[in-house]
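Me: Please walk me through the structure below in questions and answers, with the cut-offs stated as the terms come up.

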Amino acid sequence: MPMVISKKNVVTMKRSYSCSMPGVWSAVAHNQGAVVIYHSPQACGHVTHTMDLGNHYRSLARREMNFQQYTAPLITSGLKEEHSIFGGTEQLRHCIDYVVERYKPEYIVIASSCVAGVIGDDVKAVAAAAQEMWHIPILSVESHGFLNEYYTGYYQAGLILIERFMQKQELQKNTVTLLGDLGGPQGIDVQEIKQLLKFFDLHVHCQFTGYASLEEIQKVSASSLCVLLGGRAQSHVGTDSLAADLKTKFAIPFFDVPCPTGWQETKNWLSKMGRFLGRDDEALVAINQQEEKLQQALLQYSPKLRNKKVVLCIGRPLLYFQPAWALELLIHAGVNLTGILLLKGLTEGQQEDMRKELKKYTTVPIWHEQEEVKVLEMAELTVTTHELSDHIRRQLFLPVIPPVGVGGLIGLLCKLARLAGRSKQRGGIVYG
Amino acid sequence: MVKKYSSVLEKREVNCMKKIAFYGKGGIGKSTTAANVSAALATNGYSICQIGCDPKNDSTRLLLGRTCMETVLDMVKKHGDEVAIEHVVHSGFANVKCVEAGGPEPGVGCAGRGIIVALEKLKELDAIKDEQVVLYDVLGDVVCGGFAVPIREGYATDIYIVSSGELMSLYAANNIAKGIARFAGRGKVRLGGIIGNSRNIIHEQALLEAFAKRINTSLITFIPRETIVHQAEINRKTVIEWAPQSPQADVYRQLAHAIIHNTDLTVPTPISFEALEELVLAYGNQ
């Protein structure tokens, strides 16, 4: 039986309940010259620290680390009991003074916490006074956790950056702003999107809200098009709203189609983009080239994978894992999918939903982890959403956010082939 | 006509600590009444501690002859963990122990949180363990959880609502009764009665008696409006100290006596605002 590492017994999340301050931080986390202040108790910084540590390891596992990348310092004003009684604005003033002197920021973004919200600290007034004193932009985002969740913080920060730094200007032909995160400009997913946009002679001149210098942020309003990144679950709502705001303020149209995963979605994405731009011919060229790229990769990897016995292990509910892209990957790989194992973490309802979804694409047997099946023992490769505590087993870990485009698909095929090609009984896990 | 009352309270043994709280609409005379009750009890030999739960720090002014600047919260801020009983407990008229919780400046911070922290600190210091009577004088209405702490956390068990016959004063009293009823189910807190503080409204005493009856309590004392109260106040004294032989001083002694011996503690039954309006209207015509 598979033992899953670090997995909650029951996954019952129906919607996101989170803190909005990390969303604010995330919005400017890699913007050159930005410093973020949480007007909060010290411990509030811990959530963001943990989140950032997760991102760090993810980048490391995917070999996407960019050591040159700027990361905004995150400082908390350190609200304590006495501030919850007497007010924390004085503490915030001291914190701003410290940040200005210590970090010499180009601008500061203040995210206010639940405590600041409950006691009614006038953060905007403090920010305005400090701005006058220090002559740098000091932005205040109301991000009291009890009002919002992570993506609202992200959106609110983006909105304030738009209001503060962008002016209406003439749109520059064929320039694109990417809206969202997706690992930043150096990440393979964003690189993939840039490659796809090149087929339409579109040049990305900014990614917003994060990974942008002040100069780049000011260029956003000159973009002839915004393309939404991410496009999954709750994150879509935030970026979608930012795109709508940019359209309203600066008449920038936006392409609101989720980032493609796998070949079929890439083909559709390119077709839709062609139609959106009125450039169907370029779309057709792009589709052909992408197909050719995929075929070449298949020629390289298929011999190593053909007919390998594979089991797909799923421990994420449907909301967080759409199995279609994973099944498409396995079809392209030419492996022999011998079964699908639903892991213990799924509730009965979640299992049922997942079974229904899987049956749309495959007829392979679906088991539950508690059934004493031998399917895993027979498998040569395991493709899984959760790490299994079996060091002999060869596991490909499927990322929460699926990789983008044909390039992403090829990347996973390459990793799967590498796994299959490991010598003798050597097992281990490869992170997709 | 105020019944003439003995100038000396009959002192009876109070076996366990009597824990009292005064609530009522802002400006209705809670602190003046509380200070006079404390002074009346103290001059009769009771050991008493009055705790002002208001960021304005003015509850104990008439007992100390000054505004207390050494509040619990200020002293905690100043001394941190080193804060001691002598920093926060001050001796007033007739050795009444005077404590002010303190709190933020108007418009900043959270006064309710201040009350919670101040009372917790007093408990931690064991500052009021020897008193026969503790009287909490709480700011205004039960506006938030912080101001409900004296009721909620068992600090006070006998609650008195100071009210005039004015509609909004009764409205606040009714709201406070709601707060008491809410917490009565889970603890010993009960309503001791209404303390009528006259504003010279027509049929005021009768109205207050009727209101008290409607919310399942009684008008424990009706304090007539007298200029001597103002005279004492501008001289930073209680009436008990300023004019001990005055009829008004007797009224306060009568109230103190009634409070100390009150066994008629009830769970209040607050009424709707419409019912309150009708009641006030019924007594409001000439």
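Reply: B:Arg253 and B:Asp250 are both buried, where buried means under 20% relative accessible area, exposed over 50% and partly exposed in between, with a 1.4 Å probe and protein chains only. This is a predicted model, in which local features need pLDDT of at least 70 and side-chain atom pairs count only at pLDDT 80 or more, while totals for chains, interfaces and linings use all residues. Residues are numbered from 1 along each chain as its sequence is written, chains are lettered from A and ligands numbered from 1 in the order in which they are written, and side-chain values use heavy atoms, with hydrogens and water left out.

Me: How far apart are the closest N and O atoms of B:Arg253 and B:Asp250?

Reply: B:Arg253 and B:Asp250 lie 3 residues apart in helix α11 (residues 247-261) of chain B, so they are separated by about one helical turn; helices here are DSSP runs of H or I with at least four residues, strands are runs of E with at least two, and both are numbered from the N terminus. An α-helix has 3.6 residues a turn, so residues three or four places apart point the same way. The two residues form a salt bridge, meaning a side-chain nitrogen of Lys or Arg within 4 Å of a carboxyl oxygen of Asp or Glu. The closest N and O atoms of B:Arg253 and B:Asp250 are apart by 3.0 Å.

Me: Which residue of chain B forms a salt bridge with A:Glu81?

Reply: In the interface, 7 residues of chain A are in contact with 11 residues of chain B, contact being heavy atoms within 4.5 Å. The count between the two chains is 1 salt bridge. Its closest N and O atoms are 2.8 Å apart, and the partner of A:Glu81 is B:Arg113.

Me: Which helix of chain A gives the most to the side that touches chain B?

Reply: About 840 Å² is buried between chain A and chain B, with carbon and sulfur atoms giving 62% of it; buried area is the accessible area (1.4 Å probe) that two parts lose on being put together, summed over both. On the side of chain A, A:Glu81, A:Ile85 and A:Phe86 lose the most area to chain B, together 69% of what that side buries. With 5 residues, the helix that gives the most to this side is α3 (residues 81-86) of chain A.

Me: Which residue forms an edge-to-face aromatic pair with A:Phe255?

Reply: Over all chains, the whole structure has 10 aromatic pairs, a pair being rings of Phe, Tyr and Trp (its six-membered ring) with centres within 6.5 Å, where planes under 30 degrees apart count as stacked, over 60 as edge-to-face and the rest as tilted. For the edge-to-face pair of A:Phe255, the centres are 5.3 Å apart with 85° between the planes, and the partner is A:Trp269.

Me: Why is the pair of A:Phe255 and A:Phe276 tilted?

Reply: A:Phe255 counts as buried at 2% relative accessibility, whereas A:Phe276 is partly exposed, with a relative accessible area of 39%. The ring centres of A:Phe255 and A:Phe276 are 5.4 Å apart, and the pair is tilted because its planes stand at 55°.

Me: How many residues apart in sequence are the parts that A:Glu380 and A:Lys308 tie together?

Reply: A:Glu380 forms a salt bridge with A:Lys308, the closest N and O atoms being 3.9 Å apart. A:Glu380 lies in the loop between α15 (375-378) and β12 (381-384) of chain A, and A:Lys308 in the loop between α12 (280-305) and β9 (309-314), so the parts tied together are apart in sequence by 72 residues.

Me: How far apart in space are A:Val204 and A:Leu178, C-alpha to C-alpha?

Reply: A:Val204 lies in strand β6 (residues 203-208) of chain A and is buried, with a relative accessible area of 16%. Not counting residues up to four places away in sequence, A:Val204 touches A:Val176, A:Leu178, A:Lys194 and A:Leu197. A:Val204 and A:Leu178 are 26 residues apart in sequence, and their C-alpha distance is 7.1 Å.
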